[in-house]
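My notes follow the structure.

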Amino acid sequence: MAKKKRRFKGGEIPTASMADIAFLLLIFFLVTTTIDMDKGLGIVLPAEGEQVEVSSKNILNCLINSTGQVLLGKDPVKISDISQVVRQKLQENDKLIISVKSHEKTKYKDYIAVIDQLKTANATRISIAETQL
Amino acid sequence: MKFERRTRLSSDIPTASMPDIIFMLLIFFMVTTVLREFSGLPVDLPKAVRIEKLKSKNHTSHIWVSKEGLVSIEDKLFNTEDIRHIMYERRSADPQLTVSLKADELSRMELISGIHNELRKADALALNYATLQATD
């Protein structure tokens, strides 16, 4: 049987399709990458045991009840109006600390809405009181 | 003046280095991709307008709170009183730690307030309420 003599022509991996393979991988990573940056309302909690005496005229109490109604100082306010009222009060007294106090059964949603309103009013001194029954 | 006529100008883009460019992009995406570490609990986040971005993913620790009142950290369920231990550990490992609280919009404030207290005890004071961007 006659055997054909095969000449060794130097082994080479075909690189023509390399770009396609790399593209495929690239597209896979592009699709699976989720750039979900966490966003939210930032707040700094007071340290444990830290108690500061504040004169009562510098405190604005903001009470939220279990149905999401808000009492700001002495007047009931709609949640969407809080920022206006607070902004006004901050103009009168820039040392004002807003103390947010909520009922135990208050929904987190309402609480966030209030904090958001306070942030909108550029209130930097927000204090979070413990919940009450 | 005599201009030489350039006739041998090849007009096709060289594609020999294309795989290198693509590989570079590929490596960039592979390196920057952060796979989600923990799946957490299913929550409907509340919406807010004045939201800010968290500074760094590496310095963030998540707490999930579902509307049923379950608290999950790193895919393990915790009682409210036990949060201080794990958060204290994380806080001492990373002084720049920010806690991202992913709480359901229907969860109750007694639980959130309990978590506040636990975080204060653990000295993890930088807190971020995870919210979605409100559309208006």
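I began with helix packing inside chain A, where H2(A) and H3(A) make a right-handed crossing; a crossing is right-handed if the near helix is turned clockwise from the far one by less than a right angle, and left-handed if anticlockwise. I note that this is a predicted model, in which local features need pLDDT of at least 70, side-chain atom pairs count only at pLDDT 80 or more, and totals for chains, interfaces and linings use all residues. Residues are numbered from 1 along each chain as its sequence is written, chains are lettered from A and ligands numbered from 1 in the order in which they are written, and side-chain values use heavy atoms, with hydrogens and water left out.

**Helices H2 and H3, chain A.** I looked up the geometry and found that the axes of H2(A) (residues 82-92) and H3(A) (residues 108-120) come within 8 Å and cross at roughly 45°. Helices here are DSSP runs (H or I, at least four residues), strands likewise (E, at least two), numbered from the N terminus, and axes are lines fitted to C-alpha atoms, for helices over the stretch in contact, with angles from 0 to 180 degrees between N-to-C directions. The two helices are therefore oblique to each other (under 35 degrees is roughly parallel, over 145 roughly antiparallel, 65 to 115 roughly perpendicular, and the rest oblique). On the H2(A) side I listed A:Ile82, A:Ser83, A:Val86 and A:Arg87, which meet A:Val114, A:Gln117, A:Leu118 and A:Thr120 in H3(A), contact meaning heavy atoms within 4.5 Å. These residues divide into four nonpolar, three polar and one charged; Ala, Val, Leu, Ile, Met, Phe, Trp, Tyr, Cys and Pro count as nonpolar, Asp, Glu, Lys and Arg as charged, and the others, Gly among them, as polar.

**Helices H2 and H3, chain B.** I then turned to H2(B) and H3(B) (residues 109-121), which pack at an angle of about 45° with their axes 8 Å apart, and that makes H2(B) oblique to H3(B). Their crossing is right-handed, and by class their contact has four nonpolar, no polar and three charged residues.

**Interface.** How much area do chain A and chain B bury between them? I noted about 4,300 Å², 62% of it on carbon and sulfur atoms, buried area being the accessible area (1.4 Å probe) that two parts lose on being put together, summed over both. In chain A, A:Asp38, A:Leu45 and A:Tyr108 lose the most area to chain B, together 19% of what that side buries. The contact takes 40 residues from chain A and 46 from chain B.

**Salt bridges.** I counted two between the chains, taking a salt bridge as a side-chain nitrogen of Lys or Arg within 4 Å of a carboxyl oxygen of Asp or Glu. One salt bridge joins B:Glu110 to A:Lys105 (2.8 Å, N to O).
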